[in-house]
Amino acid sequence: MNNECLELAATDGAIHLRESEAPGTAIRTAPRPLASFIRAAKAGELDHLR
């Protein structure tokens, strides 16, 4: 098992995401788009992107 992690932080209504292996790069989004992304990923709707 590797030590890769997705880190999340909430500030001022925004969600910040970064991958633990590249902490200098972060993505900022809002809660609703992130929730939609997570639902799509869990449903397998993004599997074709592998």
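Predicted model: local features only at pLDDT ≥ 70, side-chain atom pairs only at ≥ 80, totals over all residues.
Residues are numbered from 1 along each chain as its sequence is written, and side-chain values use heavy atoms, with hydrogens and water left out.

**Entry 1: the sheet**

I recorded the terms before going further. Helices (H or I, at least four residues) and strands (E, at least two) are DSSP runs, numbered from the N terminus. Two strands count as paired if DSSP finds at least two bridges between them. Strands of a sheet pair through backbone hydrogen bonds, either parallel or antiparallel.

In what order do the strands of the open sheet stand? I read the order as β1-β2-β3, a sheet of 3 strands with antiparallel pairing. Strands β1 (6-11) and β3 (26-29) stand at the edges with a single partner strand each, so one side of each is left without a neighbour in the sheet. From one strand to the next, the twist averages 20 degrees; for such angles, axes are lines fitted to C-alpha atoms, for helices over the stretch in contact, and the angles run from 0 to 180 degrees between N-to-C directions.

**Entry 2: β1 and β2**

I counted the bridges next: 6 of them join β1 to β2 (residues 14-19), and the two strands run antiparallel.

The hairpin of β1 and β2 has 2 residues between the strands. I looked up D12, which is in the loop between β1 and β2. D12 is not a glycine, yet has a positive phi of about 50 degrees. Is D12 buried or exposed? D12 counts as exposed because its relative accessibility is 83%; buried means under 20% relative accessible area, exposed over 50%, and partly exposed in between (1.4 Å probe, protein chains only). I also checked the cover of β1, and the count of buried residues among its 6 residues is 0.

**Entry 3: β2 and β3**

I found 4 bridges joining β2 to β3, which run antiparallel. I15 has T29 as its bridge partner in β3, and H16 has R28 in β3. The hairpin of β2 and β3 has 6 residues between the strands.

**Entry 4: a charged pair**

Side chains of opposite charge can pair when their charged atoms come close. How many salt bridges does a search of the whole structure find? I noted 1 salt bridge (a side-chain nitrogen of Lys or Arg within 4 Å of a carboxyl oxygen of Asp or Glu). R18 forms a salt bridge with E7, and their closest N and O atoms are 2.6 Å apart. R18 lies in β2 and E7 in β1, so the pair ties together parts that are 11 residues apart in sequence. R18 is partly exposed at 36% relative accessibility, and E7 is partly exposed with a relative accessible area of 30%.

**Entry 5: L17**

I then turned to L17 in strand β2. L17 is buried, with a relative accessible area of 13%. Leaving out residues up to four places away in sequence, L17 touches several residues, including L6, L8, I27 and L34; contact means heavy atoms within 4.5 Å. The C-alpha atoms of L17 and A30 are separated by 11 Å, the two residues being 13 apart along the chain.

**Entry 6: the helix**

Last, I looked up helix α1 (residues 31-42), which has 12 residues. From its first C-alpha to its last, α1 reaches 16 Å, close to the 16 Å expected at 1.5 Å a residue; the expected span is 1.5 Å times one less than the number of residues. After α1 comes G44, whose phi is positive, near 85 degrees.
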